[in-house]
Structures are given as structure tokens and as C-alpha cells.
Amino acid sequence: MAVSNALTISPRKLRSDLYSYSYSNQDNTKTPMVISVLASLIDRTLTRNQRISRRASPASSTSGRNGKTQIFNCREIPDMTIQSYLERIFRYTKAGPSVYVVAYVYIDRFCQLNPGFRISLANVHRLLITTIMIASKYVEDLNYRNSYFAKVGGLETEDLNRLELEFLFLVGFKLHVNVSVFESYCCHLEREVSFGGGYQIEKALRCAEEIKSRQMIVQDPKHHHHQQLARVLL
């Protein structure tokens with residue numbers, strides 16, 4: 001199947017997109033490439049963890065889990081893909097590409113420091129909105145209030161406040177990301193494009209473009225913003 005050149009992601013394009021994002025362009029609506037790459041990586045992690053959970057016995061799958069990490073479990077698994085959820089966060093916060101890289105660093109640290117925790121469909125959305133909000137505070141000079149991030153992410157403000165505080169304690173407040181660490185995670189995302197999921201990323205992009213095209217036809221643009229913010233509930 002032929003792939004449109006406009007949707008093809010290469011490591012070079014990804015790096016250029018990461019470092020050339022302009023905050024001065026207030027009308028910038030182009031979704032950063034890193035979102036599609038991160039979504040692909042997380043989707044593969046979810047698939048791998050589901051296989052592990054199916055093979056593990058009930059006793060071994062529950063033993064060693066940190067009860068405190070259960071706060072990230074949703075009341076009900078949302079009917080929204082990782083790609084769509086990340087695009088939603090970008091659409092309403094305009095967090096730059098570097099924020100998503102730093103959020104990826106935080107997720108990895110969280111998993112390393114809490115070995116009993118396993119990313120799943122039940123917790124990934126809450127983990128994403130929490131880490132992206134914290135990363136935005138770390139990276140960017142101006143930020144939205146927690147209440148706005150909560151509305152974008154589909155949470156009550158009090159819930160997101162608790163998630164943020166619990167996350168900070170569970171990672172020991174280790175939020176600093178130096179240049180070499182940032183660069184190493186950028187390289188890992190580039191390898192995801194080269195080896196891990198190039199076709200899946202392009203396929204996800206094509207699906208996203210098709211969905212957006214259909215939405216533009218059937219939705220009234222005047223009410224689009226309100227409908228989207230009211231749509232998600234974790």
C-alpha cells in the first residue's frame with residue numbers, strides 16, 4: 001500500500017520537528033510528529049503487557065504491585081485511543097514537542113522506581129495527562145491551571161491534583177532532565193521510527209486524518225471546542 005509523503009515520518013523529520021517548533025505561532029494547529037511516535041510506542045507497550053498479564057498466574061500478577069499506583073486506574077476504561085488522547089491534549093494546551101519527550105522520561109522513571117506497576121488500558125490515560133502536565137510545568141514558562149488540564153484530560157480537578165502529588169512522591173520528586181538525558185530519549189523515539197513501528201505510525205496517522213475529515217463534515221465548528229472538552233471522562 002502506498003503511503004502519502006505528507007504522512008511519512010523519518011528520524012530526520014522527527015528530530016527537525018522536535019527542535020523547530022515555534023511557540024510564537026499562536027495559530028499552530030499542526031500536531032507534532034512526536035505524538036504519533038509516542039502513541040505507537042505506548043501501544044506496543046500495552047500489547048506486550050497484555051500478553052504478560054495473560055501468561056501470569058493471578059497470584060503473581062497481583063503480588064509486588066504498589067497499592068499507591070492504583071490511584072492511576074480509571075473508573076472506566078475510556079473509549080479513546082492513545083493517539084486521539086494525545087492529539088486532544090495538544091489541541092487544547094499547545095504543549096510543545098519537548099513536553100512530550102520529558103513526559104516520556106517521567107513515565108519511564110515512574111516504571112523503573114515502581115517495578116510492580118505495569119502500564120495498562122486502565123491507567124495509561126491518567127498517567128499521560130499527569131506526566132504531560134508536570135512536564136509542561138517543568139519545560140514551559142507559561143502554563144494552564146490544573147483545573148484546565150483536568151478538563152482537557154477528562155478528570156475532576158481534585159483527582160488530577162491527587163494524581164500529581166502521588167506521582168511526585170512515587171518518583172521521589174526526581175523531575176530534572178538534563179540535556180544528555182533528553183537527547184537519549186529523543187534518540188530512542190527516533191529508533192522507534194526506524195525499527196519499532198514506522199508502518200504502524202503511518203497507519204495511525206492515516207486513520208487520524210480520515211477521522212478528522214469526517215468530523216469536519218458533520219460537526220458545527222462553533223460548538224466543536226465545547227463538545228470535545230465534555231467528551232472524555234476517566
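Tutor: Start with a definition. Surface patches are made of residues with over 30% relative accessible area and no salt bridge, and nonpolar side chains are joined within 5 Å. Keep in mind that this is a predicted model.

Student: Which residues make the nonpolar surface patch?
Tutor: Leu 165, Phe 169 and Phe 173 make it, and it covers about 340 Å². Phe 173 sits in the loop between α8 and α9.

Student: Is Phe 173 buried, partly exposed or exposed?
Tutor: Buried means under 20% relative accessible area, and exposed means over 50%. Phe 173 has 47%, so it counts as partly exposed.

Student: Which residues gather in the patch of positive charge?
Tutor: For charges, like ones are joined within 9 Å. Here Arg 48, Arg 51, Arg 54 and Arg 55 gather on the surface. Arg 51 belongs to helix α2, residues 33–55. Its relative accessible area is 40%, so Arg 51 is partly exposed.

Student: Where is Ser 40, and is it buried or exposed?
Tutor: Ser 40 is also in helix α2. Its relative accessible area is 7%, so Ser 40 is buried. Now compare sequence and space. Ser 40 and Gln 83 are 43 residues apart in sequence, yet 7.8 Å apart in space, C-alpha to C-alpha.

Note on methods. Residues are numbered from 1 along each chain as its sequence is written. This is a predicted model: local features need pLDDT of at least 70, side-chain atom pairs count only at pLDDT 80 or more; totals for chains, interfaces and linings use all residues. Side-chain values use heavy atoms; hydrogens and water are left out. Accessible areas come from the Shrake-Rupley method with a 1.4 Å probe; for residues, only the protein chains shown count as cover. A salt bridge is a side-chain nitrogen of Lys or Arg within 4 Å of a carboxyl oxygen of Asp or Glu. Lys and Arg count as positive and Asp and Glu as negative; His and the chain ends are not counted. The place of a charge is taken as NZ of Lys, CZ of Arg, CG of Asp or CD of Glu. Helices (H or I, at least four residues) and strands (E, at least two) are DSSP runs, numbered from the N terminus. Buried means under 20% relative accessible area, exposed over 50%, partly exposed in between (1.4 Å probe, protein chains only).
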